[in-house]
Amino acid sequence: MTFSIIGCGRAGTFFGRLLTPHLTLNSLVSKNLESSTRVQKRLQAGKVLSHIQELASSDFYILAPADSALEECISCLATSPALHKGQTVFHVSGTYSSDILEPLRDKGLHCASLHPILNLFEDMELPSSLYATLEGDTEAKNTIRDIFSFYPVTFLPIEKENKLLYHTALLFSSQFVLALLSISKDLLTTCGLKLTEAPLIQLVQNILIHMQKKELAELVVGPIGRKNHTLLSDELSNLSSVNERYAELYRLLSDQLSQVIETT
Ligand SMILES: NC(=O)c1ccc[n+]([C@@H]2O[C@H](COP(=O)([O-])OP(=O)(O)OC[C@H]3O[C@@H](n4cnc5c(N)ncnc54)[C@H](OP(=O)(O)O)[C@@H]3O)[C@@H](O)[C@H]2O)c1
């Protein structure tokens with residue numbers, strides 16, 4: 001099977017690294033030649049192109065540009081002479097559904113959206129398995145399962161209309177964790193602690209390890225788990241005097257955790 005990558009950032013690099021040992025990478029195209037050239041050198045595969053119009057005909061195309069450039073890339077790809085009926089195309093955006101690929105569907109391509117449930121970084125080690133949501137035409141989904149048959153991907157089906165909410169859900173478990181960690185670090189620094197990262201990493205890792213064996217509600221300890229309302233109220237008023245925004249979050253998050261206990 002042959003494929004081409006459009007958009008040579010973190011996601012394009014990730015899929016290139018995953019697939020090139022098993023399939024033939026025809027071409028790479030990005031906004032800037034430096035990006036596609038960098039990925040080409042890293043993969044030691046594929047031809048660097050300066051425009052989508054120059055794409056070689058491939059069995060499937062991976063659209064991995066920034067979300068803001070996705071529509072533009074689809075319009076360009078739709079006019080490419082490389083396209084043929086029966087080819088497959090998928091984008092990897094977490095928010096858009098396969099509906100955005102309609103101009104390519106009109107050309108007879110099988111279309112899907114495949115979103116890896118992972119924060120991707122250029123220097124990351126490839127994970128030994130992957131969770132991803134998959135949505136689109138039946139033919140495209142079957143082809144994608146074939147493409148990744150060498151690798152343990154758990155494909156989770158998702159309805160098109162739920163993509164936006166799904167992506168929001170993931171933010172709470174990934175990027176928003178960083179927001180909470182930034183508050184922890186800030187407050188620990190205010191308390192005069194010199195070492196803030198290592199103990200926080202251990203704290204989070206410990207919760208995650210136990211999450212594999214226990215229900216969320218069983219992991220709720222501290223003043224909320226013990227329902228110590230006096231301590232909660234003392235902490236809240238003390239925090240309000242330090243930072244009112246943090247105190248507002250403390251209130252909301254405590255309420256959420258209390259609900260987790262009550263509804264279990
Ligand atoms: N990073 C993640 O953790 C992650 C996880 C799952 C899914 N995704 C999805 O992957 C997609 C890309 O995200 P990313 O994190 O890889 O972003 P990124 O690292 O910023 O890369 C985006 C790439 O898009 C390229 N690009 C922008 N405009 C283009 C155009 N008109 N034509 C061709 N290429 C263009 C940029 O090219 P230049 O470098 O040449 O300027 C850049 O390399 C998004 O849909 C995102 O939702 C990302």
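I looked up the ligand first: of the 25 residues around the ligand, Gly 9, Ala 11, Ser 30, Ser 35 and Ala 69 come nearest. A residue counts as near if its C-beta atom, placed from the backbone, lies within 6 Å of the molecule. The elements giving two or more residues to this shell are α1 (10-19), α3 (70-78) and β6 (110-116). The largest share, three residues, comes from α1. I took helices (H or I, at least four residues) and strands (E, at least two) as DSSP runs, numbered from the N terminus.

The model is predicted: local features need pLDDT of at least 70, side-chain atom pairs count only at pLDDT 80 or more, and totals for chains, interfaces and linings use all residues. Residues are numbered from 1 along each chain as its sequence is written.

Next I checked the largest nonpolar core. It has 37 residues, and Ile 5, Ile 6, Tyr 61, Ile 62, Leu 63, Ala 64 and Val 89 touch the most other members. Such a core is a set of buried Ala, Val, Leu, Ile, Met, Phe, Trp, Tyr and Cys residues joined through C-beta atoms within 7 Å. Buried means 20 or more other C-beta atoms within 10 Å of a residue's own, all placed from the backbone.

Last, I turned to α7 (residues 175-190). At 1.5 Å a residue, its 16 residues should span 22 Å, and the end C-alpha atoms are 23 Å apart, which agrees. The expected span is 1.5 Å times one less than the number of residues. The number buried in α7 is zero, so this helix lies largely in the open. Gly 192 follows α7, with a positive phi near 95°.

Key
A residue is buried if 20 or more other C-beta atoms lie within 10 Å of its own, exposed if 12 or fewer, and partly exposed in between; C-beta atoms are placed from the backbone.
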